[in-house]
Amino acid sequence: MSPRSSSITVAGGAIDILSDGEGPRLTILHRDTGRSGWTALHEKLARHFHVVAPSLPGYDQSERPDWLRTVADLAALAGLMEDRLGGPSGAMLGLGFGGWVAAELAARSPARVSRLILHSPMGIKPPEGEIADQFLIEAEDYVRLGFTSADAYERERAGEAGERSLRLDRNREMTTRIAWKPAMFNPGLRHLLQGISVPTLVVWSTGDVIVPRSCANAYCDALGGARYAEIPGGHAAEYERPDALADLALDFLGC
Amino acid sequence: MLISYFTEQPYSALCSDDAWTLHPFDHPARRPGDNTLIHSNRFFDPVVASRLFAERIREYEVAEEAGFDGIMVNEHHNAPYCMQSRITVMSSVVAARTKRVKIIQLGNPLPTWDNPVQLAEETAMIDMISGGRLVAGIVRAGGAEQIANNVNPAFNRERFHEAHDLLIKAWTVPGPWRWEGEHYQQRIVNPWAVPLQKPHPPVWVPGISSKETIEFAARHRYPYICLNTTVQDTKRIWALYDGIAAEAGFTAGPQHRGYLVRCVVADTEEKALRNAREHMWMSGEFAGFGRPSWIAPTGYSSFEARSGRAALDRAGRSFEGQIERGTLVVGTPSQVIAKLRWWLEETRPGMLMLWPNDGRLDHENSLEAIALMGEAVLPALRDIGRELGLHDPFEIAEPVSLAGIGNM
């Protein structure tokens, strides 16, 4: 079974979308390395939900809004995209950087998000440790840093067709344009999150060397009653531990 | 022909072994061999650097006495190969310690400035203090400079263009006025310091490869200074420059062409070769300029241009290879004169920047090389320059820019 490819235009820019499955909508927002494909995580969740996996504006095949300067504005575009998809508001699963985008969206328009799942989210300045500085290492080395298993990394890399280095570079450029300084966080976000009551699950991978645990904990603190869980593996959980992450998500979403 | 003296002002006390070792205090991204950007400044000793600064500044005075027409200065950050972390500071020192030479900034790293009006003020002060001897070159600055200054590399070129426009306006249009740009916003621009030279100090643009920057220089009629490029690349650059110049309505000549060359002279060839090896300290065997993502971070230029630039940086790094390519000119005065004649005939620059001393070459050897150049090399180069008609912009009262014509 392969996902359906489509495109919708939001604020003048085309957003590339993969989708599959029936049921309530679950939008999955990708990491800063982009959406390299339809993973086992997507597939498993699509057995229960209508899974929508966009490439965020400026990432992969989606058009770059040259004016975009902040992740908050990127989240606003993601919110407009949700509106365009229609129907009742759906759940969102944000992976790493995508978790930051989902949190910004929920903080600004909580009515657009029914439930929030954040895996190793960036976006809050970690009280302890730091978010790894991807800009000091090569783009492919940054992808590799997300894996604790060399085999899983090689499988992910081998699974991608097309010009991977060009795609990674384009995605990194978009991240540079909107998250260079402060490096991968928004000082205001944790304050905004205190004002919302969207049911949230925060998951952190114990082998994650890109986002420290304190960052995930800071999300739980800001969000009050958020549920917290840990899984093994590195930052790239959708490749290393898709089942573990999917099981937690499905349980949280009542499946 | 204008002949200028240049040194990077390396921190020559750096121990190479430290750069090849990992240390407990290292940045998590550091790997053995990384000797810029994240190589710890624990290895920098200000007591030693204080002496090195004094020696380099004395060498500038001696270079003026020896007959050089200019002192070229530059700026780098987090870099053992260059102790000048603020070009305007060293330019001010040269302005105070010399009387005649041009102070040639190659160049002011525009995008790293968050307030280019301050740069307009500082350069105006230097121009006035030096009696109008400033050449205010401008650069985009390398990738590592963006990271070291935490300036977003994705907007490097946009910031370069906008900072340039703001700088020129701040120099030339009386204030107060307001600037609400894309990357710069200034509530009031009204610097109480404006340049002595009118309409403004000469602006030169140095570079190594970027097509867009060459085009920028040519469109503005700014001289372009090739930084130690190969003869083939230099000719390619001039062909591009000349073509754009023709489109812009002027005929480019030697007054628009500068060339920086490493040129090591000694009274014996053996000694010259020994001294020249010190150039490898920073440009090959030991010190590179960092990794591809530092040299040209994502967004700094196009993917294709950056891939090309990384390859360029790796090419022809061996000592012998550089001598063979002529990018490292080494020998006795007569040998060096012959090689430079070939360069001048092939590429016809009106401005020649000579870079004799680098690496761990000590003060005594540096002074000796400067004196020898003054006695035996500069007079011959001047004769060749006259013979080949290699005039610099000052000799023929070249306007400072296309916009500056009729405004002199």
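Two strands pair if DSSP finds at least two bridges between them, and strands (E, at least two residues) and helices (H or I, at least four) are DSSP runs numbered from the N terminus. The model described here is predicted, so local features need pLDDT of at least 70 and side-chain atom pairs count only at pLDDT 80 or more, whereas totals for chains, interfaces and linings use all residues. Residues are numbered from 1 along each chain as its sequence is written, chains are lettered from A in the order in which they are written, and side-chain values use heavy atoms, without hydrogens and water.

In chain A, strand β4 (residues 50–54) pairs with strand β2 (residues 13–20) in the antiparallel sense, over four bridges. Within β4(A), Val51(A) is the bridge partner of Asp20(A). Strand β3 (residues 25–29) of chain A runs parallel to β4(A) and is joined to it by three bridges; here Val51(A) is the bridge partner of Leu26(A). The chain passes from β3(A) to β4(A) through helix α1 (residues 40–45) of chain A in a right-handed β-α-β crossover (with the strands pointing away from the viewer, the path from the first strand over the helix to the second runs clockwise). Four of the five residues of β4(A) are buried, so this strand is largely enclosed by the rest of the structure. Buried means under 20% relative accessible area, exposed over 50%, and partly exposed in between, with a 1.4 Å probe and protein chains only.

Aromatic contacts form a further theme. Rings of Phe, Tyr and Trp (its six-membered ring) pair if their centres lie within 6.5 Å; planes under 30 degrees apart count as stacked, over 60 as edge-to-face and the rest as tilted. The whole structure holds 18 such pairs over all chains. The ring centres of Phe25(B) and Phe43(B) are 6.0 Å apart and the planes stand at 50°, so this pair is tilted. Both residues lie in the loop between α1 (16–19) and α2 (46–66) of chain B, so the pair ties together parts that are 18 residues apart in sequence. Phe25(B) is partly exposed, with a relative accessible area of 32%.

The rings of Tyr224(B) and Trp238(B), by contrast, are edge-to-face, because their planes stand at 85°, with the centres 6.3 Å apart. Tyr224(B) belongs to strand β8 (residues 224–227) of chain B and Trp238(B) to helix α8 (residues 231–248) of chain B, 14 residues apart. Tyr224(B) is buried, at a relative accessible area of 0%, and Trp238(B) is buried at 3%. In chain A, ring pairs link Tyr59(A), Phe97(A) and Trp100(A) into a cluster.
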